[in-house]
Amino acid sequence: MIYRVFYTLTLVVLSVSEYILPRDFVYLPIVGNKRQSCQRKDNGNGGGLPTDKPKFPCPNCPSVFSHKNNLYYHSKFECGQLPRFNCPYCSYRTKHVSNVRAHVRRKHPGHKVYAIDICKC
């Protein structure tokens, strides 16, 4: 009987009752042509990840971030700010330049892809 393991390791079992399980894995057999997924055992601490990650809340809105630089970007460019990037071909505005570029590619094919930053004018 062959068992598939997460990370594509293969374990060959001599008999169903004789096999050694690694500490963190549960092996599920392949049944017919349908594979069953392997799952990690729950060791009680959420899969080994720290549970007390620092949180960085925005003082002006209910947003909470897992990294301080994301809060900085949010505070500087997003929170309480009007959309600053415009489409050069229509009235579309957004807070992220990448959204304008994607908009131009999708809605204005064949045109030059760029955005107008109203804060630099």
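# A chat about a predicted model

Me: Which residues make the nonpolar surface patch?
Reply: In this predicted model, Y114, I116 and I118 make a nonpolar surface patch of about 220 Å².

Me: Where is Y114 found, then?
Reply: Y114 is found in the loop between α2 and β10, the strand of residues 116–117.

Me: And does that residue count as buried, partly exposed or exposed?
Reply: Y114 has a relative accessibility of 35%, so it counts as partly exposed.

Me: New topic. How many helices and strands are there in the chain?
Reply: The chain has two helices and ten strands. Along the sequence, their pattern is β-β-β-β-β-β-β-α-β-β-α-β.

Me: What order do the strands have in the open sheet?
Reply: The order of this three-strand sheet is β9-β8-β10, and the pairing is antiparallel. Its edge strands are β9 (93–94) and β10, each of which pairs on one side only.

Me: How many bridges join β8 to β9?
Reply: Two bridges join β8, which covers residues 85–86, to β9. F85 has T94 of β9 as its bridge partner.

Me: What holds paired strands together in general?
Reply: Strands of a sheet pair through backbone hydrogen bonds.

Me: Now salt bridges. How many does a search of the whole structure find?
Reply: The search finds one salt bridge. The side chains of R84 and D117 meet in it, at 2.6 Å from N to O. R84 lies in the loop between α1 (68–78) and β8, while D117 lies in strand β10, so the pair ties together parts that are 33 residues apart in sequence.

Me: Is R84 buried or exposed?
Reply: R84 counts as buried, because its relative accessibility is 15%. D117 is buried too, with a relative accessible area of 13%.

Me: What share of the residues in the chain count as buried?
Reply: Of the 121 residues, 18% count as buried. The chain exposes about 9,700 Å², and carbon and sulfur atoms supply 55% of that area.

Me: Last topic, confidence. What is the mean pLDDT of the chain?
Reply: The mean pLDDT is 75, and 57% of the residues reach 70 or more.

Me: Which elements have the lowest and the highest mean pLDDT?
Reply: Strand β2 (residues 9–12) has the lowest, 44, and helix α2 (residues 97–107) has the highest, 96. Over residues 4–14 the pLDDT is below 50, although this stretch has 26 contacts in the model beyond near neighbours in sequence.

Me: How should the coordinates be read where pLDDT is low?
Reply: Where pLDDT is low, the predicted coordinates should not be read in detail.

Conventions:
Residues are numbered from 1 along each chain as its sequence is written. This is a predicted model: local features need pLDDT of at least 70, side-chain atom pairs count only at pLDDT 80 or more; totals for chains, interfaces and linings use all residues. Side-chain values use heavy atoms; hydrogens and water are left out. pLDDT is the predictor's confidence in each residue, from 0 to 100. Helices (H or I, at least four residues) and strands (E, at least two) are DSSP runs, numbered from the N terminus. Contact means heavy atoms within 4.5 Å. Patches are made of residues with over 30% relative accessible area and no salt bridge: like charges are joined within 9 Å, nonpolar side chains (Val, Leu, Ile, Met, Phe, Trp, Tyr) within 5 Å. Accessible areas come from the Shrake-Rupley method with a 1.4 Å probe; for residues, only the protein chains shown count as cover. A salt bridge is a side-chain nitrogen of Lys or Arg within 4 Å of a carboxyl oxygen of Asp or Glu. Buried means under 20% relative accessible area, exposed over 50%, partly exposed in between (1.4 Å probe, protein chains only). Two strands pair if DSSP finds at least two bridges between them.
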